[in-house]
Amino acid sequence: MKILRKAHTLFDTFVNFIAKKDSHSILFYPHQNCLADNYDIFNGDSSNTLCLLKSIINDSHFDGYRLYVVYYHKDKLKSYIEYSKSIKSKEIHFIYEKDYSTFKKSFFNCSTVFTDCDYITFPYRVHSQTIVCLNYYAAPFKKEFHRWTNHGGFKRYIKEQKTKYKEYDYHLSISDIFSKFTAVDIGHYYPHLLSLGFPRNDILLNKNTSLRDEIEKLVGFKINHLITYVPTHRDYENPGREFYSPDQVKTRSIWGDVSIDELNALEATLEESGTVIIAKAHAIQAAQVSNVKKENCKCILFYDDLIKKITTSLYPILSISDAIISDYTSAAYDFLYTGRPIIYYFFDIDAYRAARGFFIEPIESICTGHLTYNISELIEAIKDVINGNDPYKAKREFLQQLFAPHIDNHSTERIKNFFFGPDKKEKIP
């Protein structure tokens, strides 16, 4: 079987080599999270690939280009085709993600490919193509190289590093220091990392006032403060991971192991201050933990319910949020773009350290907001944010300069100029 796969790859590489490349053909391959989070060409503001695609579609400099777009929602194909017909200046083709034959034919025609997931492999790419990973997280917060220590060690790490070096010409980052972190933690080749910023982070600098109005109409009362809670998944929650522990997840909510009284206290604090929390569980986490009696939560709005009623996604919501509650997710780094308060909710920090661990230790050293470890501390931190108490502002501003230097709403333009502008850079060998 292994020999057969290698033979197929060699054949595909040969076909790709002899295929004529069109310098005006671009392939866009969004992250598989599009399926779980319902991102697509109409609702792509939280996907780097789809944000870049949207910008290129609306940019007259790309008139006459042929754009190929991988899609995940089979039932929406008709609406995608109708939309493409309305774009007279570009030719847009849609490829279903499981249609491997059509995908490869399209890939062989394109000189440039954008994706935001380096799990996707292109073993048949050739040097005349430029393959770019726009990335889907800002920087390693949780430790990634545990995969190597548990699955093959350093030799496996080096092998995958070589594979990524061959298959990707560039990986994007929001800052040079995060480029260095990613090179160490993920094993990417540092000269291939470009700190141009992320297209979706331009969204964070938009006002999006109409979205806030829509959410206010949905909850039925005046929102004085809007906070987004973005917990990441845990390895001990995931049956596919070696640290999976079913005993730790069978009663846990997205707030951890909390009592009804604690949840009532949180709800009372929110209701008294006119505060709404939008809670977005990670796609993996959502399948493993309870959402805590949604019907009793007047002031906690669950993301998976919200998007059934309003067409939106995470980054437009973050753009209108007065604060974020984070844990070990890199969304906290993205939120630095807004300059607004961050609350860290580390209810299971010991279990997380034991299972995955952090890229930087002590992790508290680079946290730019309140550190809380239980619901009572979280409530007090929320009260601080509501009352305008922001003792971590100076630290946040310092780390903002270090971690997120491109707060200018021009990341997408920088990317387009780098790869297609008059000063297009030569590919790094």
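Q: Is Asn-208 buried, partly exposed or exposed?
A: Asn-208 is partly exposed, with a relative accessible area of 26%. Buried means under 20% relative accessible area, exposed over 50%, and partly exposed in between (1.4 Å probe, protein chains only).

Q: What should I know about the source?
A: This is a predicted model: local features need pLDDT of at least 70, side-chain atom pairs count only at pLDDT 80 or more, and totals for chains, interfaces and linings use all residues. Residues are numbered from 1 along each chain as its sequence is written, and side-chain values use heavy atoms, with hydrogens and water left out.

Q: Back to Asn-208. Where is it found?
A: In the loop between α9 (199-203) and α10 (209-219). Helices (H or I, at least four residues) and strands (E, at least two) are DSSP runs, numbered from the N terminus.

Q: What is the phi of Asn-38?
A: Asn-38 has a positive phi of about 65 degrees, and it is not a glycine. Asn-38 lies in the loop between α2 (33-37) and α3 (48-57). It counts as partly exposed, at 31% relative accessibility.

Q: Which peptide bond is cis?
A: The one from Glu-361 to Pro-362, with omega near 0 degrees. Pro-362 sits in the loop between α17 (349-355) and β13 (370-372).

Q: Now the whole chain. How many helices and strands?
A: The protein chain has 20 helices and 13 strands. Of its 429 residues, 55% are buried.

Q: What is the strand order in the open sheet of seven strands?
A: It runs β3-β2-β1-β4-β5-β6-β7, with parallel pairing. Two strands pair if DSSP finds at least two bridges between them.

Q: Which strands stand at the edges?
A: β3 (91-96) and β7 (193-194). Each has a single partner strand, so one side of each is left without a neighbour in the sheet.

Q: How many residues of β4 are buried?
A: Six of its six, so to speak of strand β4 (residues 110-115) is to speak of a mostly covered strand.

Q: How many bridges join β4 to β1?
A: Five, in the parallel sense, with β1 covering residues 22-29. Asp-22 stands opposite Cys-110 in β4. β4 also pairs with β5 (residues 130-133) over four bridges, again parallel. There Thr-112 has Thr-130 as its bridge partner.

Q: And what does β7 pair with?
A: Strand β6 (residues 170-172), in the parallel sense over two bridges. His-171 stands opposite Leu-193 in β7.

Q: How far is Leu-193 from Thr-182 in space?
A: They are 8.5 Å apart, C-alpha to C-alpha, and 11 residues apart in sequence. Thr-182 is in helix α8 (residues 176-185). Thr-182 counts as buried, at 3% relative accessibility.

Q: Switching to the core. How many residues has the largest nonpolar one?
A: It has 125, and Trp-255 and Ile-382 have the most contacts inside it. Helix α18 (residues 375-386) gives the most to this core, with seven residues. A nonpolar core is a set of buried Ala, Val, Leu, Ile, Met, Phe, Trp, Tyr and Cys residues joined through side-chain atoms within 4.5 Å.

Q: What does Ile-382 touch?
A: Ile-227, Leu-266, Leu-270, Ile-277, Ile-325 and Ile-343, not counting residues up to four places away in sequence. Contact means heavy atoms within 4.5 Å.
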